[in-house]
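Welcome, and please get your viewer ready for a short walk. We will select a few spots in turn and look at what is there.

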Amino acid sequence: MLQPENFDAALVPGFRAAMRDHYRALTAVEQASLATLRAADVFQPRDCPVCDQPAGTAQRLERFSRPDFSLLRCPGCRLVYSREVFCSVTERQRYARAEADPDSIPQAFAALKGSAPYARLEQGKIDYVIQQLAPFFPQPADMLDIGCAQGAVLDAFAVRGWHVAGVEPAPDFAARARTRHPGVRCGFFPGDAPEGPFALVTLFDVLEHIERPLAFLAAIRDRLRPGGILALQVPNFDSPLVQVEGAASTVVTPGHWSYFDPASLVALTARAGFQTVTLQSYISELDRLLAHPPEAVRATLGPWAPEDLATLRPADLFWRQLGFKLFGLFRRPE
Ligand SMILES: [Zn+2]
C-alpha cells in the first residue's frame, strides 16, 4: 500500500537544494507577470463568488492581505475568497499566451515539473491517487482531467486501460498531450471540454483558480454519470505553512481566487450536489515549516505542538487535515 509519505518532499534529502533554481525562476516570472498586470489596472472588486453576500459584510483577513489584494471570509458560506479578481479577458489571455514566450509562467512550470526529483514525487502522488480510486472502479472506465497540462495524469490512467480525455487552456501543453491522447482539447471547462458523461473527473490544483467555483463544480456534476466520482486537490488554507507565512505565502496570490479549508470544501461540494466520500490531506512541507522561528510555529500549531518540534512527523499533520494539500473524492448521487 502506498502512503502519503511516499511522495513527501520534506522526506527527500536534497530535494529543496535540487529544486531551488526552478522555484526561483518560477517566482521571478510570476512576480514580473503580476507587476505588468498591476500596472495595467486589470483588477475588479467582487462579492462572495459562492453565495453573493456583499464583500462589505465580510471579515478582512489582515494577515493575508496586501494593499492591492485582500482575502475575505464570507459570513454566509465561510469561504475565504479574494476581494479582487482579474477581468475575465485578462485571465484567459494569461493562459493563452503560454509558452510562445520563453519567460512565461507555463514554461517555468514545465521546467519545474519536468525536473527529475519533482517528476518522481508527482508520479508517486498520481499512483497514490489511483490507489485511492481503486475500490470505486473495479474496471477501468472513462475519465476527464480538467487542466491536464502535458498529460501526466492521463498517461497514468491510460496505461491502466482507462479511456481518457482532457481539457487544457495552454495551447502548447494541450498539443503535447494530444500527441499521446487524442481526447485532449485546448480551452476551458465547461465550454471547450468533451461532453462525456464520465465515470470520473479529476481536478488537481485548478479549483482555486476558478472565479465562480460553485457554478464550475455544478458543471462537473452535470458531466458525471450518476454515481460518478470527482477527485479533487486544492491548496489547504489551514496548513500551518500557509498560516505561519500569511500574505507572504506562495499560495496567497492573484490568480488564486478561493482558499479552501476542510469545512469550506465539504460545504461547497455539498452545495454543488456532491456527497463527500473521503477527504484527506497530504504533502507536509514540514522542512519549510520548521525553518520558521519555533515560537511562530508553536503559535500556529496550537496546544498539540510537541515540546520538541523536531519530533514532528508528516503524519502528525496529515491526520489533523493540516497537510499542504487537501485531497477529496466526491460522488454525484445515483
Ligand atoms: Zn459566501
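Start by selecting glutamine 280, which sits in strand E12, residues 275-282. (Strands are DSSP runs of E with at least two residues, helices are runs of H or I with at least four, and both are numbered from the N terminus.) This is a predicted model, in which local features need pLDDT of at least 70 and side-chain atom pairs count only at pLDDT 80 or more, while totals for chains, interfaces and linings use all residues. Residues are numbered from 1 along each chain as its sequence is written, and side-chain values use heavy atoms, with hydrogens and water left out.

Is glutamine 280 buried or exposed? Its relative accessibility is 15%, so glutamine 280 counts as buried; the cut-offs are under 20% relative accessible area for buried, over 50% for exposed and partly exposed in between, with a 1.4 Å probe and protein chains only.

Now show the side chains of tyrosine 128 and glutamine 132. The glutamine 280 side chain makes a polar contact of 2.5 Å with the side chain of tyrosine 128, and another of 3.0 Å with that of glutamine 132. (A polar contact is a pair of N or O atoms within 3.5 Å; within protein, one must be able to donate a hydrogen and the other to accept it, and residues adjacent in sequence count only if both atoms are side-chain atoms.) Leaving aside residues up to four places away in sequence, glutamine 280 also touches other residues, including Gln321, Lys325, Leu326 and Phe327, where contact means heavy atoms within 4.5 Å.

Next, select serine 65, in the loop between strand E2 (59-60) and strand E3 (71-73). Serine 65 is buried, at a relative accessible area of 12%. Which backbone atom does the side chain of serine 65 reach at 2.8 Å? That atom is the backbone oxygen of leucine 61. Turn to leucine 71 as well: its backbone nitrogen lies 3.1 Å from a polar atom of the serine 65 side chain. Beyond residues up to four places away in sequence, serine 65 touches Arg60, Ser70, Leu71 and Ala247.

Finally, zoom out to the whole protein, with its twelve helices and 13 strands. The C-alpha trace spans about 50 × 50 × 45 Å along its principal axes. Of the 334 residues, 51% count as buried. Among contacts between residues at least 6 apart in sequence, 73% join residues at least 24 apart.
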